[in-house]
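Subject: Structure for your review

Hello,

Here is the structure we discussed, with the sequence alongside. My notes follow below it.

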Amino acid sequence: MTDPFIRPYRTTDRADVAEICVRTAAAGGDARGIYSDDLLMPDVYALPYVDHSPDLAWVVEHHGRASGYIISVADTQAFADWWARAWTPGFVARHPAVGPATGRNPDYTEAQLLYDGTDPQRMVRGLRHDELTTHPAHLHIDLLPELQRRGLGARLIDTLRTALAERAVPGVHLGYAAENTAARLFYDRYGFKELPSSTPHSPLLGIATT
Ligand SMILES: CC(C)(COP(=O)(O)OP(=O)(O)OC[C@H]1O[C@@H](n2cnc3c(N)ncnc32)[C@H](O)[C@@H]1OP(=O)(O)O)[C@@H](O)C(=O)NCCC(=O)NCCS
């Protein structure tokens, strides 16, 4: 049995990435069954990233399949523009209607999630100060439960920061669900700081790449 290891993303990891996303999307916990389609969350928070920037994505391979990832884009504004052109049409075709409310996640309704899938400028609007200049990249990181607390999250962030620094990207930011207190402890411990645009409801953290 081999230990989990980090390697660059491959297009054959795409379905695993979608599954990791939905299994960690309820403030770090399993979101399967919360929305009418388990692919809705990945279609907003994972798949556009690996399709747009497969070279800025890494997975943790464990027992022959991807079981964790870090995914990112170097330029959030360019990504939002690409999304409007290249992602929204397919997204709308795949998710044409609001599904029945499950009532299991009143903080993030299906209608809101569907709207977010067609509103990529939300990623830019939230940055009201100069974060697009200081921290133009952003990331998502998720590990299945069996891979958590083994130091892999910190190593994935190290890997991404090195790659971004090589591209002369000065900083990276992220948003997280305010109720995900475990993730906040991880980011604090790693060295992320709250950004000027952060709010209690939509916390934003950032770190320089070097
Ligand atoms: C959050 C996450 C990416 C952290 O990655 P990880 O590999 O589990 O974290 P690491 O093992 O690198 O942890 C480094 C340090 O961060 C802190 N930390 C990490 N997870 C923590 C937790 N659940 N509670 C408290 N502190 C935590 C600890 O100080 C830890 O060091 P220690 O284990 O020596 O005490 C991972 O746990 C995860 O994917 N969780 C579920 C999905 C999620 O919440 N993603 C983030 C969405 S914004």
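A residue is called buried if 20 or more other C-beta atoms lie within 10 Å of its own, exposed if 12 or fewer, and partly exposed in between, with C-beta atoms placed from the backbone. By that count, 37% of the 210 residues of the chain are buried. This is a predicted model: local features need pLDDT of at least 70 and side-chain atom pairs count only at pLDDT 80 or more, while totals for chains, interfaces and linings use all residues. Residues are numbered from 1 along each chain as its sequence is written.

Overall shape: the C-alpha trace spans about 50 × 45 × 30 Å along its principal axes. The chain holds nine helices and seven strands (DSSP runs numbered from the N terminus: H or I of at least four residues, E of at least two).

Core: the largest nonpolar core has 53 residues (buried Ala, Val, Leu, Ile, Met, Phe, Trp, Tyr and Cys joined through C-beta atoms within 7 Å). Met41, Ala57, Tyr69, Ile70 and Leu160 have the most contacts inside it, a contact being two C-beta atoms, placed from the backbone, within 7 Å. The largest share of this core, six residues, comes from α8. Leaving out residues up to four places away in sequence, Met41 touches Cys21, Val22, Ala25, Ala31, Tyr35 and Leu113.

Regards
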